[in-house]
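Open the model in your viewer and keep the selection panel at hand. The tour below goes from one selection to the next and says what is found at each stop.

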Amino acid sequence: MKILVAVKRVIDYNVQIRVKEDGSGVVTDNVKMSTNPPDDNAIEEAVKIKEAGKAKEIVAITIGEEKAQETVRKALAVGADRGIHVKVDNVIEPLAVSKILKKIVEKENPDLVFMGKQAIDDDCNQTGQMLAALLNWPQATFASKIEVKDNALEVTREIDEGLETIEVNVPAIVTCDLRLNEPRYASLPNIMKAKKKPIEQINASDLGVDINPRIEQIKVEEPPKRKAGIKVASVEELVQKLKNEAKVI
Amino acid sequence: MSVLLIAEHNNKEVRPFTYNAITAASQINENLHVLVLGHQADDVAKSLSEVPNVKKVIHVDNEIYENYIAENYTSAIIKHAENYSHIVSSANTFGKNLMPRIAALLDTSQVSDIIKVISEDTFLRPIYAGNAFATVKSNDKKKCVTIRPTSFDPADKSGGSAEITKSDPAEASSSTKFLKKEEVKSDRPELGTARIVISGGRGMQNGENFKLISDIADKLNAAIGASRAAVDAGYITNDHQVGQTGKVVVPDLYIAVGISGAIQHLAGMKESKVIVAINKDGEAPIFSVADYGLEADLFEALPQFLSELNKLNTIQK
């Protein structure tokens, strides 16, 4: 089996986001960037499946500017075999990302495509489902457990009411939740080895898909700030405040 | 111009967030139709026909819609899509799973998780875990939109009498099979819609200690939430998680106990009307969003809190 894993470079989850004064977006210059956290779970799961002898090859792909390659390099350091970097200069929408991924899937013929359930920058939660639709493949979103069977996966999904288990035939798309596994750290020797693994570069413009934006971002602003609260000295005072001042109990 | 809302239900009852989505959908355009895909879900179709904001209910009854198989839902929705300018659903795990599949087949760039309708094509949505708000305008001919339910009041449930029309099912997928659902049953209010939420974090130290939280939840008729750390550690099940990748809650009162207040947790609760933080670390970031902060050991504070509540003559329900 061959697994394609899509990873995205985003502002690190620990960074306090700052909105640009001109309302055009958020500050990204000199800000720490990392792999989108659930994409790390996607890579980890692919590596575990390969280690269990159920997959032969893992290909990591990213779409983005030159530096997005770092995320592919990181995936190679934890166990992906080779990488693909599709170069685009601007931020593109999930629909465009899924159209690019579809082209790559048609070229690579993977049995499975894994990715994180949501990117923590635009919080869209769309790409996996869109790719599944464009390929007419089944989708298993928000996966917290994956069992590989003969030509099928049994996937446990995290849903609002609890957990749901479905079976999807291969080929399939899986979007990964944070509790799927514990992503490993790359060891230094593996980081060195990853530098020798190949990353194929492709220009998005050569793929013949429409990646023009359909959504205009009119402005980005800071959310309203909460007014500063107070510290109370005791539980008794807290209950009195909730009862008599806030009037919520 | 008209809007098609995809109802979320369990074949017997309408799931509550559908009513919040109805409010948002009717702000986009008042010509609002609701699609009920289900198995023997006549009661659901009837309930929705009584919502005054709903102009028409389309009911498709077939066993392939008993569970939310996105593939089956999508083919049915696509069949009806040509009559509508907007397809909408709530932005919970139901709508998040479903809507992008529809959008891609309609060649539409979806607008996810809106918190405000500015006009028929322009919406406000949070990005970066709610640390920025983006105003976005969709230029697609057909628009696919998911709605953050807690940002809209639920619609009135009675007084209307919309027409219910039956429609035929579309083809079923043979490559996806529903196996089982493990639903956590509880007599408590639903986390997403509760008036009061009390949540525990890593500071709870283990699952048994959540009893301290559930005792207070019982007293206040509150729902129980948790931080990702508490869920990851196995103290409590995933359906309780509040945050960027869990549930977003906007109760009148949110009580955060032993939660440090990571950005990802704040994303799920900082719009709450009144926030209380109980934490022994006075520097914890949760205090920066709390209206009332109590710097204390939760193992002392929670039993005291319960006994103070017991002293009150009346408690709002």
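How do α5(B) and α8(B) lie relative to each other, roughly parallel or roughly perpendicular? Note before looking that this is a predicted model.

**Stop 1: two helices of chain B**

Select residues 210-220 of chain B, which form helix α5, and residues 298-311 of chain B, which form helix α8. Their axes come within 10 Å and cross at roughly 15°. An angle under 35 degrees counts as roughly parallel, and α5(B) and α8(B) are therefore roughly parallel to each other. The crossing of α5(B) past α8(B) is left-handed.

Now show the side chains of the contact. From α5(B), pick L212(B), D215(B), I216(B) and K219(B). From α8(B), pick L302(B), P303(B), F305(B), L306(B) and L309(B). Sorted by class, this contact has seven nonpolar residues, two charged residues and no polar ones. The spacing of the numbers within a helix has a simple background: an α-helix has 3.6 residues a turn, so residues three or four places apart point the same way.

**Stop 2: another pair in chain B**

Select α3 of chain B, residues 70-81, and α4 of chain B, residues 93-105. The two helices pack at an angle of about 45°, and their axes are 9 Å apart. That angle makes α3(B) oblique to α4(B). Here the crossing is right-handed.

On the side of α3(B), the contact is made by A70(B), Y73(B), T74(B), I77(B) and I78(B).

**Stop 3: chain A as a whole**

Chain A has six helices and 13 strands. Its C-alpha atoms fill a box of roughly 65 × 45 × 40 Å along the principal axes. Of its 249 residues, 47% count as buried. Take the contacts in chain A between residues at least 6 apart in sequence: 69% of them join residues at least 24 apart.

**Stop 4: helix α3 of chain A**

Select residues 94-108 of chain A, which form helix α3. At 1.5 Å a residue, its 15 residues should span 21 Å, and the end C-alpha atoms are 20 Å apart, which agrees.

Which residues of α3(A) are buried? They are P94(A), L95(A), A96(A), V97(A), S98(A), K99(A), I100(A), L101(A), I104(A) and V105(A). Bring chain B back to see what surrounds them. The buried residues pack against β1, β4, β5, β6 and α4 of chain A, together with α4 of chain B.

Step on to N109(A), just after the helix. N109(A) is in the loop between α3 and β6 of chain A. Its phi is near 50°, a positive value in a residue other than glycine. N109(A) counts as exposed, with 9 C-beta neighbours inside 10 Å.

**Stop 5**

Select N30(A), in the loop between β2 and β3 of chain A. N30(A) is not a glycine, yet has a positive phi of about 55°. With 5 C-beta neighbours inside 10 Å, N30(A) counts as exposed.

Next, select V170(A) and P171(A). The peptide bond from V170(A) to P171(A) is cis, with omega near 5°. P171(A) lies in the loop between β9 and β10 of chain A.

**Stop 6: E44(A)**

Is E44(A) buried or exposed? Select E44(A), in helix α1 of chain A, residues 37-51. E44(A) has 21 other C-beta atoms within 10 Å and is buried. Leaving out residues up to four places away in sequence, E44(A) touches N181(A), P183(A) and R184(A).

**Stop 7: where the chains meet**

Show both chains and colour each one separately. The contact takes 63 residues from chain A and 73 residues from chain B. On the side of chain A, the elements that each supply at least two residues include α3, α4, β7, β8 and β9. The largest share, eight residues, comes from β9(A). By class, the side of chain A that touches chain B has 30 nonpolar, 12 polar and 21 charged residues.

Technical notes: Residues are numbered from 1 along each chain as its sequence is written. Chains are lettered from A and ligands numbered from 1 in the order in which they are written. This is a predicted model: local features need pLDDT of at least 70, side-chain atom pairs count only at pLDDT 80 or more; totals for chains, interfaces and linings use all residues. Axes are lines fitted to C-alpha atoms, for helices over the stretch in contact, and angles run from 0 to 180 degrees between N-to-C directions. Helices (H or I, at least four residues) and strands (E, at least two) are DSSP runs, numbered from the N terminus. Angles under 35 degrees count as roughly parallel, over 145 as roughly antiparallel, 65 to 115 as roughly perpendicular and the rest as oblique. A crossing is left-handed if the near helix is turned anticlockwise from the far one by less than a right angle, and right-handed if clockwise. Two residues are in contact if their C-beta atoms, placed from the backbone, lie within 7 Å. Ala, Val, Leu, Ile, Met, Phe, Trp, Tyr, Cys and Pro count as nonpolar, Asp, Glu, Lys and Arg as charged, and the others, Gly among them, as polar. The expected span of a helix is 1.5 Å times one less than its number of residues. A residue is buried if 20 or more other C-beta atoms lie within 10 Å of its own, exposed if 12 or fewer, and partly exposed in between; C-beta atoms are placed from the backbone.
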